[in-house]
Amino acid sequence: MENEKEILSRLETRLLCPQCNAVYNTATSPSRILGTCDKCSATLQRRPDDQTKTMKKRLALYKEKTAPVIKFYGTRAKLVVVDGVGEVKTVCSRINESFER
């Protein structure tokens, strides 16, 4: 998987609000007060399944189950690959542009 490091980095820095479900990232979109939700002031938490060991298992399962499907559709010209690394607006633009192809 090309962006495995990026995926792990995103998940390792993700924090969620247990009350209002707001999502933060300590590297790219942190809360104004470290560890506190900007919307409701609850204490931010990591999801239990965002632990590195769990994520690596999920990525291995992805490689085993999903990667073959991607190869299948890719060889039939039925797959569009969009780079998902970058700012949200940039990635959304890439996705929208892919529909125009």
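Predicted model: local features only at pLDDT ≥ 70, side-chain atom pairs only at ≥ 80, totals over all residues.
Most residues other than glycine have a negative phi.

Ala-77 lies in the loop between helix 3 and helix 4, and at 71% relative accessibility Ala-77 counts as exposed.

## Helix 1 against helix 2

Helix 1, which covers residues 4-12, packs with helix 2, which covers residues 52-65, at an angle of about 140 degrees, and the two axes are 11 Å apart. That angle makes helix 1 oblique to helix 2, because an angle has to be over 145 degrees to count as roughly antiparallel. The crossing of helix 1 and helix 2 is right-handed.

On the side of helix 1, the contact is made by Glu-4, Ile-7, Leu-8, Leu-11 and Glu-12, while helix 2 contributes Thr-52, Met-55, Lys-56, Arg-58, Leu-59 and Lys-63. Sorted by class, the contact of helix 1 with helix 2 has 5 nonpolar residues, 1 polar residue and 5 charged residues.

## Helix 2 against helix 3

Helix 2 also packs with helix 3, here at an angle of about 35 degrees and with the axes 4 Å apart. The residues that make this contact are Tyr-62, Lys-63, Glu-64 and Lys-65 of helix 2, together with Ala-67, Pro-68, Val-69 and Ile-70 of helix 3. By class, the contact of helix 2 with helix 3 has 5 nonpolar residues and 3 charged residues, but no polar ones.

Thr-13 is found in the loop between helix 1 and strand 1, the latter covering residues 14-16. Although Thr-13 belongs to a loop, Thr-13 counts as buried at 18% relative accessibility, because buried means under 20%.

A polar atom of the Thr-13 side chain lies 2.8 Å from the backbone oxygen of Ser-9. When residues up to four places away in sequence are not counted, Thr-13 touches Tyr-24, Asn-25, Thr-26 and Ala-27.

## Asp-38 and its neighbours

Asp-38 is found in the loop between strand 2, which covers residues 23-25, and helix 2. With a relative accessibility of 26%, Asp-38 counts as partly exposed. Leaving out residues up to four places away in sequence, Asp-38 touches Tyr-24, Pro-30, Ser-31, Arg-32 and Ile-33.

Two of these neighbours can be described further. The side chain of Asp-38 reaches the backbone nitrogen of Arg-32 at 2.8 Å, whereas Tyr-24 is 14 residues from Asp-38 in sequence and 9.6 Å from Asp-38 in space, C-alpha to C-alpha.

Glu-87 lies in the loop between helix 3, residues 67-74, and helix 4, residues 88-99. Glu-87 is exposed, with a relative accessible area of 60%. Between Glu-87 and Lys-65 there are 28 Å in space, C-alpha to C-alpha, and the two residues are 22 residues apart in sequence.

Methods. Residues numbered from 1 in each chain as written. Heavy atoms only, no water. Axes fitted to C-alpha atoms, helices over the stretch in contact; angles between N-to-C directions. Helix = DSSP H or I, 4+ residues; strand = E, 2+ residues; numbered from the N terminus. Parallel < 35°, antiparallel > 145°, perpendicular 65-115°, else oblique. Left-handed = near helix turned anticlockwise from the far one by under 90°. Contact = heavy atoms within 4.5 Å. Nonpolar A, V, L, I, M, F, W, Y, C, P; charged D, E, K, R; others polar. Buried < 20%, exposed > 50% of the residue type's maximum accessible area, 1.4 Å probe, protein only. Polar contact = N/O pair within 3.5 Å; in protein donor to acceptor, adjacent residues only side chain to side chain.
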